[in-house]
Amino acid sequence: MLVLGSGGAGLLAALHAARTNPNLRIILASKGLIGKSGCTRMVQGGYNAVLDPADSLDKHLTDTLKGGQFINQQELAYTLVRNAPTMIHELETVIGCFFDRRADGRIHQKPFAGQSFDRTVHRGDLTGIEIMGRLRDALFAAPVHILEEVRALDLVRSADGSRIAGAVLLDPRRGEFVRVRAGVTVLATGGGARMYRVAAPSLEKTGDGMAMACRAGATLVDMEMYQFHPTGLLAGVSRMTGMVLEEGLRGAGGILTNALGERYMERYDSLRKERSTRDVVSRSSYMEIVAGRGTPQGGVYIDVSHLGAEVVQQMFPGMVERCSDFGYDLRRQPVEVSPTAHFHMGGVKIDAECHSDLPGLLVAGEDSGGTHGANRLGGNGVAESTVFGAIAGEVAARETPAGTSARLDLAQVAEIERRALQPLDDGSSGEDPFAIRATLETLMWDNVGLVRDGAGLNRSLAEIQTLTERAAGLSVPSSRRLNLAWTEALDVQNLLQVAEAVTRSALVRTESRGAHYRSDFPQQDDARWLSNVYLRYEDRVDPRLWTAPVAFTRMAPYLAVTA
Ligand SMILES: Cc1cc2nc3c(=O)[nH]c(=O)nc-3n(C[C@H](O)[C@H](O)[C@H](O)COP(=O)(O)OP(=O)(O)OC[C@H]3O[C@@H](n4cnc5c(N)ncnc54)[C@H](O)[C@@H]3O)c2cc1C
């Protein structure tokens with residue numbers, strides 16, 4: 001069995017597979033460092049789980065489906081809700097995480113936007129570090145062969161073409177390929193591609209898993225749904241630009257103003273103002289910025305100083321420290337922020353046991369799509385990655401065929417390796433991957449970001465296709481060892497693949513819903529669009545796109561019937 005990725009989904013997949021079948025040979029390959037890469041470690045706010053007898057699975061499911069504007073795959077949402085309490089119990093009692101507790105000893109749960117009950121479990125405002133640190137220790141004690149800082153390049157079919165039989169990996173330190181045969185492969189590379197000019201996910205997340213799934217011919221769902229968080233720090237040319245300043249700042253009374261000092265949320269949502277949902281606040285800030293009322297760095301201001309310096313320090317120690325790294329005193333002055341690309345709700349279509357529609361390929365965490373519909377609730381991301389990671393591990397252990405794994409299609413392996421090596425020349429004759437990426441990020445931000453329309457999407461699609469053609473001629477220095485320009489070249493190809501899927505899907509959805517806002521179709525159209533958008537590359541050039549109505553297996557829109 002092969003696990004790709006070492007976030008919450010990847011680590012739980014490996015641990016649960018080892019527990020389910022201690023004799024299984026498990027290989028885990030991760031582009032980043034184990035326990036330190038990916039977004040699970042960046043989780044600040046916390047983890048949603050029903051623990052209090054006054055709360056219920058029904059309430060959590062209703063909140064999740066309402067948040068997703070009722071286009072979630074309901075069985076996935078229910079699986080998350082049903083398994084999250086057990087997973088919190090496992091994280092505490094088996095993995096050894098410490099979560100904040102109340103005076104009476106029960107786990108403390110805080111309120112989070114869009115939830116009808118205070119159900120967010122946390123460890124201060126650094127919950128992800130607690131979870132990932134302990135999971136990492138557990139992984140190192142488990143019978144798992146670890147390939148750290150080794151990236152997957154592509155999934156490989158079996159020689160008879162009947163299933164996914166493993167992957168070709170690249171060890172960038174040695175510049176060598178690694179071919180892995182596996183009865184089952186779990187894709188857990190974390191989605192959340194950084195293809196927007198301002199972005200929050202960890203730097204190595206370039207949509208590799210989704211791009212690999214596209215090239216392998218898997219079906220993806222609702223790729224147009226990309227969530228923007230309202231408050232990403234603006235820190236000049238630093239790579240920390242886009243880093244999330246947590247939701248709690250607005251929840252605690254933080255005020256957003258434009259460069260003219262206007263509290264602009266009064267115009268966009270006079271009732272809830274800054275406490276409006278992520279999509280509304282992000283879009284409102286974006287509109288202020290494009291209308292020319294932005295700050296010097298092209299953002300808006302968030303101000304919590306009126307709460308008092310001591311209160312801010314006590315409530316948000318992590319945020320205060322991060323802001324001070326970039327010369328801001330969050331306790332005493334407004335801080336420049338911008339909407340920031342945060343989380344991809346779309347992804348590979350899976351069932352509740354993480355099966356993709358390609359035999360031999362399971363998908364878990366942010367690489368998968370459908371659980372969150374048109375909008376993810378804060379606190380449901382880490383629940384998704386850990387719950388589905390564990391399921392994928394158990395299913396993989398159960399379904400890995402006995403005996404020797406199927407042989408790889410060697411012609412496909414050779415083609416993957418040829419394509420990966422193509423950019424390596426003297427670095428002077430072809431296209432610069434850094435330049436292509438910068439163009440793509442601006443294009444996506446301006447046209448496929450917070451506000452979209454048909455003309456802009458069509459223009460972007462044409463431009464992405466041109467960039468993809470140019471990327472076929474990328475050129476970087478020829479050394480294979482620790483060649484960061486080569487890494488960038490490989491990343492750019494994946495970013496372009498995902499960007500194209502997002503843009504094509506956004507063109508299909510001719511309405512506005514959740515994170516997807518089309519100024520040419522500004523209304524949510526429930527009569528036509530309680531549907532999902534599917535995409536599959538059948539010939540690797542032009543994808544097939546189609547829509548299908550949501551299956552309301554648990555709850556009709558806005559009306560709870562069962563849970
Ligand atoms: C700043 C921030 C704050 C957040 N806060 C919250 C929160 O408070 N609550 C919440 O519920 N959710 C939160 N989220 C969302 C949450 O982090 C994600 O939903 C979740 O962690 C995704 O888990 P994952 O395992 O799918 O991916 P990740 O944790 O992102 O892990 C991906 C892994 O795949 C590896 N990888 C990438 N490409 C390859 C490749 N080609 N080959 C091999 N490995 C690869 C990476 O190195 C990494 O190890 C936050 C996200 C961000 C960005």
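Does Cys-39 count as buried or exposed? The structure is a predicted model, and in it Cys-39 counts as buried, because its relative accessibility is 19% and the cut-off for burial is under 20%.

**Cysteines**

- The number of disulfides comes to 0, where a disulfide requires two cysteine sulfur atoms within 2.5 Å.
- For Cys-39, the closest cysteine sulfur belongs to Cys-97 and lies 18 Å away, which is too far for a bond.
- Cys-214 likewise takes part in no disulfide, its nearest cysteine sulfur being that of Cys-354 at 18 Å.
- Cys-214 has a relative accessible area of 1% and is therefore buried.

**Open sheet of E3, E5 and E4**

- Three strands form an open sheet in the order E3-E5-E4, and their pairing is antiparallel.
- Strands E3 (47-48) and E4 (109-110) each have a single partner strand and stand at the edges, so one side of each lacks a neighbour in the sheet.
- The antiparallel pairing of E3 with strand E5 (residues 120-121) runs over 2 bridges.
- Within these strands, Tyr-47 is placed opposite Val-121 of E5.

- Helix H10 spans residues 317-325, and its Gly-318, Met-319, Val-320 and Cys-323 are buried.
- The cover over the buried residues of H10 includes strand E12 (226-233), helix H9 (309-315) and strand E15 (335-344).

Methods. Residues numbered from 1 in each chain as written. Predicted model: local features only at pLDDT ≥ 70, side-chain atom pairs only at ≥ 80, totals over all residues. Heavy atoms only, no water. Pairing = 2+ DSSP bridges. Helix = DSSP H or I, 4+ residues; strand = E, 2+ residues; numbered from the N terminus. Buried < 20%, exposed > 50% of the residue type's maximum accessible area, 1.4 Å probe, protein only. Contact = heavy atoms within 4.5 Å.
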